[in-house]
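Biologist: Could you put the structure up, so that we can go through it together?
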Amino acid sequence: MKMADCIFCKIAQKEIPSTLVYEDDMVVAFRDLEPQAPQHVLVIPKKHVESLLALKEEDKALVSHILVDVIPELAQKLGIAEKGFRVVANTGEEGGQTVKHLHFHLLGGRSMQWPPG
Ligand code: 5GP
Ligand code: ZN
C-alpha cells in the first residue's frame with residue numbers, strides 16, 4: 001500500500017534514492033538527509049501509515065517488530081548500543097512531524113540533552 005505523493009513511500013519503493021542501512025519485507029531504514037547526530041537513521045514501515053495515531057490493531061506486529069527486532073539490531077550494527085541512543089516518533093503538528101509517514105528516528109553517537117527543544 002503506497003501513497004502517491006509520500007516521499008517515504010517513494011524511498012521505501014526505491015523510487016527516490018536514499019542510503020539504506022536495513023531492509024526486510026516490512027521495514028526499511030535509511031540515513032536522515034539532515035543528520036542531527038553522528039548516527040541518525042529513520043526506521044519506517046514499508047506500508048503507508050500516517051503517524052502513531054493512525055496505527056490499527058493489525059499493525060501491532062509491525063510496531064513490535066520495529067521496536068523489538070529492528071531498532072536494537074540496528075543500534076548494534078551502528079555501534080551505538082553500548083553507550084546509548086534515542087528513539088523518537090514525532091507525531092502531529094506540535095510534535096514536530098514534518099513527513100506524514102510514520103517514522104522512528106534512531107539517534108546516537110553523541111550525548112543527548114533532555115528535555116528536547
Ligand atoms: P520529522 O520532522 O517528520 O519527525 O522527520 C522527518 C525527517 O525526514 C527529517 O529529519 C528530515 O531531515 C528527513 N527527511 C525529509 N526528507 C527526506 C528525504 O528525502 N530523504 C531522507 N533521507 N530524509 C529526509
Ligand atoms: Zn507513505
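**Contacts, fold and one residue**

Modeller: In the protein chain, residues 24 or more positions apart account for 56% of the contacts with a separation of 6 or more, where a contact means that two C-beta atoms, placed from the backbone, lie within 7 Å. This is a predicted model, in which local features need pLDDT of at least 70 and side-chain atom pairs count only at pLDDT 80 or more, while totals for chains, interfaces and linings use all residues. Residues are numbered from 1 along each chain as its sequence is written, and chains are lettered from A and ligands numbered from 1 in the order in which they are written.

Biologist: In what order do the elements run from the N terminus on?

Modeller: The order is α-β-β-β-α-β-β, with helices (H or I, at least four residues) and strands (E, at least two) taken as DSSP runs numbered from the N terminus.

Biologist: New topic: which residue does UniProt list for "active site"?

Modeller: The unreviewed UniProt entry lists His103, although such annotations may be inferred rather than shown by experiment.

Biologist: Where is His103 placed, and is His103 buried or exposed?

Modeller: His103 is in the loop between strand E4 (85-88) and strand E5 (104-108). His103 counts as buried because 23 C-beta neighbours lie inside 10 Å; the cut-offs within 10 Å are 20 or more other C-beta atoms for buried, 12 or fewer for exposed, and partly exposed in between.

Biologist: Which residues is His103 in contact with, leaving aside neighbours within four places in sequence?

Modeller: Those contacts of His103 are Phe8, Leu42, Val43 and Ile44.
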